[in-house]
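Student: Could you take a close look at one part of this structure with me? I would like to see how that part sits in its chain.

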Amino acid sequence: MADENDAFRKGVALASRVGVEMVAATAVGGLLGYGLDAWLGTGPWLLVAGVVLGGAAGFFGVYRLVNTP
Amino acid sequence: MENPLHHFELHPILPLHLFGIDISINKAVIMMWIACGLVLLFFYLATRRASLVPRRLQSVAEKAVEFLRGMAVQNIGPLGHKFFPFIATLFFFVLANNVIGLIPGSYTPTSQIIVTGFFALLVYGVSLVLGFARHGLHFFTVLTPAGTPGWLFPLMIPIEVISQLSRPITLAVRLFANMTAGHIILTVLFSLMLVAPVYLGVFYIGIVPFAMSILIYGLELFVAFIQAYIFTILACVYLGESVKLH
């Protein structure tokens, strides 16, 4: 019973982490790119790079999340 | 119909300004004081007549504290004993803030992103200070995960910087979004309970949103506990990574 409870709690915790992890990483990447663009005046390019890198960070974060026991 | 977000607006009850900083007392502040008081009251009642064979309340408190200590030591290592008071305080305060909003007529302080944001910055700040204190500049190797080949560094370092920066944001947004969303659903269901019979002309149709609001209330109680648990275990994981590097 205790083990079942434990697995359930861990499952819910994992599910609750995955979504926010991806969205937040993409948002942070995009905002960093946007801020650097506004500071350096380099068109939309750093914003694009930031969103792509942020998305990659989000996927990588989820990958690490589901890989850790 | 009432705006379901109206509940989340804060208005100063006692306007206060200190050196130009607005420190007005509003309902979130008062609820946090009450939450603090409830935690203190709970532990006072639980430990008032402490006995070797624990009574009901004492055994609940002991189980919770043992659970948190186990979590801290498992994730942080031997240093976990030192951080246990911080972890336990965080857990009980967040839990009390989450649960207190489920009492009708009260308010959830954790449905304000400034509150959860400050908790998250505190946890992340402590983990950064701990990491630099223990490892010095060597702590920057946290940006290169173990087993990364050298030619991937230009790609991995920006990605790791972004994932590090998103940590306090995920902590804050998860808690805030879960608490706010649940309370919006409850408000909408309660409003529907009053409005639906009038619009549809069927008196007893209000029982449907009412039944659902009871189910959602139970779910919200569960979410309040699970979110406090997630917040605390992530605090442990981040502190643990600062101690162990990777």
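Student: How many residues does α2(A) have, and how far does α2(A) reach from its first C-alpha to its last?

Tutor: Happy to walk through it, keeping in mind that this is a predicted model. The helix α2(A) has 23 residues and reaches 33 Å from its first C-alpha to its last. That is close to the 33 Å expected at 1.5 Å a residue.

Now for the chain around it. Chain A holds two helices and zero strands, and its C-alpha atoms fill a box of roughly 60 × 15 × 10 Å along the principal axes. Its radius of gyration is 17 Å, whereas a compact globule of 69 residues would have one near 11 Å. Of the contacts in chain A with a separation of 6 or more, 58% join residues 24 or more positions apart.

Back to the helix itself. In chain A, 26% of the 69 residues are buried. Within α2(A), the buried residues are A:Leu47, A:Gly50, A:Leu53, A:Gly54, A:Ala57, A:Gly58 and A:Gly61.

Finally, the partner chain. In all, 18 residues of chain A are in contact with 14 residues of chain B. Both α1 (2–40) and α2 (45–67) of chain A supply at least two residues each to the side that touches chain B, and α1(A) gives the most, with twelve residues. By class, that side of chain A has eleven nonpolar, four polar and three charged residues.

Note on methods: Residues numbered from 1 in each chain as written. Chains lettered and ligands numbered in written order. Predicted model: local features only at pLDDT ≥ 70, side-chain atom pairs only at ≥ 80, totals over all residues. Contact = placed C-beta atoms within 7 Å. Helix = DSSP H or I, 4+ residues; strand = E, 2+ residues; numbered from the N terminus. Nonpolar A, V, L, I, M, F, W, Y, C, P; charged D, E, K, R; others polar. Rg over C-alpha atoms; globule rule 2.2 N^0.38 Å. Buried ≥ 20, exposed ≤ 12 C-beta atoms within 10 Å, placed from the backbone. Expected span 1.5 Å × (residues − 1).
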